[in-house]
Amino acid sequence: MPDIPDIIGRPVSLCVPGQRLRQVRQRHRRGFPRPDSHIQERGRQKENHRWSATLTTLMLLLRAFYDKYGSMKNDKALKTSKLIEQCIWKTDEFDEPNKSALKIDSEVATDSDKEQFLNILKTGIVDDNWKSNYANNYRFFKKKCLMNG
């Protein structure tokens, strides 16, 4: 079977099934980008965005629980509060939290929203005029924690 040129002018053999796939794999191993790499990258970005949004929401929930358990005086609540501290803030060798060093940095929001998110995690305070999803979610979690406790 004769070779015919592919899109960029290289000969492609039509006689062997899967030949084109082998050529693409060989080119990829030699450093050429895969033809579908931009599609895969876009998918990875969407997946990273989804996980990042889930993680930020989880951190806001943990912060609401931290406020709830931190205000209680029994031993179990205080122990839970200490465990949550280790999830939100970086700790030293004695497991004491550094409340100015968070374990997360949001990369999926505008600068204003990001500032609000980081401020909520650091202080547990939401300004009434904040309208970001972070502020709304934290208000919701805080209200639910107070209702059930």
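Trainee: How many salt bridges does a search of the whole structure find, and what makes a pair a salt bridge?
Mentor: The search finds 4. A salt bridge is a side-chain nitrogen of Lys or Arg within 4 Å of a carboxyl oxygen of Asp or Glu. This is a predicted model, in which local features need pLDDT of at least 70 and side-chain atom pairs count only at pLDDT 80 or more, while totals for chains, interfaces and linings use all residues. Residues are numbered from 1 along each chain as its sequence is written, and side-chain values use heavy atoms, with hydrogens and water left out.

Trainee: Why is the pair of arginine 63 and aspartate 67 called a salt bridge?
Mentor: The closest N and O atoms of arginine 63 and aspartate 67 are 2.6 Å apart, and the cut-off is within 4 Å, so the pair qualifies. Both residues lie in helix α2 (residues 37–70), 4 residues apart, about one turn of the helix. Helices are DSSP runs of H or I with at least four residues, strands are runs of E with at least two, and both are numbered from the N terminus.

Trainee: What makes arginine 63 buried or exposed?
Mentor: Its relative accessible area is 4%. Buried means under 20%, exposed over 50%, and partly exposed in between, with a 1.4 Å probe and protein chains only; therefore arginine 63 is buried.

Trainee: Which salt bridges does lysine 82 form?
Mentor: One is with glutamate 85, at 3.6 Å from N to O; another is with glutamate 96, where the closest N and O atoms are 3.4 Å apart. The latter pair links distant parts of the chain, with glutamate 96 in the loop between β3 (89–91) and β4 (97–102) and lysine 82 in helix α3, 14 residues apart. Lysine 82 and glutamate 85, by contrast, both lie in helix α3 (residues 75–88), 3 residues apart.

Trainee: What is the secondary structure of the protein chain?
Mentor: It comes to 5 helices and 4 strands, running β-β-α-α-α-β-β-α-α from the N terminus. Buried residues make up 28% of the 149 residues.

Trainee: How do you know what span to expect for helix α4?
Mentor: The expected span is 1.5 Å times one less than the number of residues. Helix α4 (residues 111–123) has 13 residues and reaches 18 Å from its first C-alpha to its last, close to the 18 Å expected. Its buried residues include Phe117 and Leu121. Glycine 124 follows α4, with a positive phi near 75°.

Trainee: What does asparagine 136 touch?
Mentor: Asparagine 136, found in helix α5 (residues 133–147), touches Trp130 and Lys131, not counting residues up to four places away in sequence. Contact means heavy atoms within 4.5 Å. The side chain of asparagine 136 also reaches the backbone oxygen of lysine 131 at 3.5 Å.

Key: A polar contact is a pair of N or O atoms within 3.5 Å; within protein, one must be able to donate a hydrogen and the other to accept it, and residues adjacent in sequence count only if both atoms are side-chain atoms.
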